[in-house]
Amino acid sequence: MKTFSMSEEVILVDENDNPVGVEEKLRAHQNGGKLHRAFSILVFNSEGKLLTQKRAATKYHCPGIWANTCCSHPRPGETTEKAAHRRLKEECGFDTDLKEVFSFLYEAHFDNGLTEKELDHVFIGQYDGDADPNPEEIDELKWVSIEELRKDVEDNPDKYAPWFRIILQKTDNFLNQRSK
């Protein structure tokens, strides 16, 4: 199974998601970071529970932290949607229909000197089958109710990736608007 390579490139973008170049992945996260395109996937089951992942302890940032189902970066020449399907299969061992629901800009600085500066496209899907997590990417997968997740994020925010905390708040807004 193909996994992340530090020699991979990411797509640099402006604040309107227009490509402005490419950069080696690690370099895009160094020296204050360069704005680049990313995506995050939230997969729910038919009971409304979200599949969350505990990032592998070997990840270059946020190791051992809980996050959304899957997240990564499209490669140069690859659409964001195609990349989302590719990485969902590579990380979690399955694929499902995905719908992009919103995007947002964020910046997060980490203790190891790396910075995430991303325009993150958020996709939502539904899946009730089995997952086969890639141990190079994921230490643990867990289905969790949104209510339980909200409470734990409020009580233990440092257990969760910074982009995931933002997504949860924005997803709450999206889901509330959609139910009206």
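The lining of the largest cavity receives at least two residues from each of β3, β6 (70-72), α2 (80-92) and β8. Helices (H or I, at least four residues) and strands (E, at least two) are DSSP runs, numbered from the N terminus. The model is predicted: local features need pLDDT of at least 70 and side-chain atom pairs count only at pLDDT 80 or more, while totals for chains, interfaces and linings use all residues. Residues are numbered from 1 along each chain as its sequence is written, and side-chain values use heavy atoms, with hydrogens and water left out.

A cavity is a set of points, on a 1 Å grid over the protein atoms alone, where a 1.4 Å probe fits but cannot get out; lining residues have an atom within 4 Å of a point. Grid points are joined across faces, edges and corners, and a volume is the space filled by probe spheres set on the points. Three cavities of 30 Å³ or more were found by this rule. The largest cavity holds about 170 Å³. It is lined by 20 residues, of which R55, C71, S72, H73 and E116 are the closest to its centre. Seven of the lining residues are nonpolar, four polar and nine charged (Ala, Val, Leu, Ile, Met, Phe, Trp, Tyr, Cys and Pro count as nonpolar, Asp, Glu, Lys and Arg as charged, and the others, Gly among them, as polar).

Strand β3 is largely enclosed by the rest of the structure, because nine of its nine residues are buried (under 20% relative accessible area, with exposed over 50% and partly exposed in between; 1.4 Å probe, protein chains only). In a regular strand the side chains alternate between the two faces of the sheet. In β3 both faces are covered, with H36, A38, S40, L42 and F44 on one side and R37, F39, I41 and V43 on the other. Two strands pair if DSSP finds at least two bridges between them. β3 runs parallel to β8, to which it is joined by nine bridges; A38 has D120 of β8 as its bridge partner. With β6, β3 pairs in the antiparallel sense over three bridges, and S40 is the bridge partner of C71 in β6.

A nonpolar core is a set of buried Ala, Val, Leu, Ile, Met, Phe, Trp, Tyr and Cys residues joined through side-chain atoms within 4.5 Å. The largest such core has 28 residues, and L42, L50, V122, L149, W163 and F164 have the most contacts inside it. Two or more residues each are given to this core by β3 (36-44), β5 (66-67), β7 (98-109), β8 (115-126), α3 (146-155) and α4 (162-178). The largest share, five residues, comes from β7. A second, separate core of 14 residues includes L51, C70, L88 and C92. Not counting residues up to four places away in sequence, W163 touches S40, R55, H61, C62, A67, N68, C71, F104, Y106 and F110 (contact means heavy atoms within 4.5 Å).

V144 is in strand β9 (residues 138-144) and is buried, at 4% relative accessible area. With residues up to four places away in sequence left out, V144 touches K49, L50, T52 and L149.

D17, with a phi of about 70 degrees, lies in the loop between β1 (9-13) and β2 (19-24) and counts as buried at 18% relative accessibility. N31, with a phi of about 55 degrees, lies in the loop between α1 (25-28) and β3 and counts as exposed at 78%.

Key: 1 Å grid on protein atoms, 1.4 Å probe; cavity = no way out; pocket = protein on both sides within 12 Å on 5 of 7 lines; lining within 4 Å.
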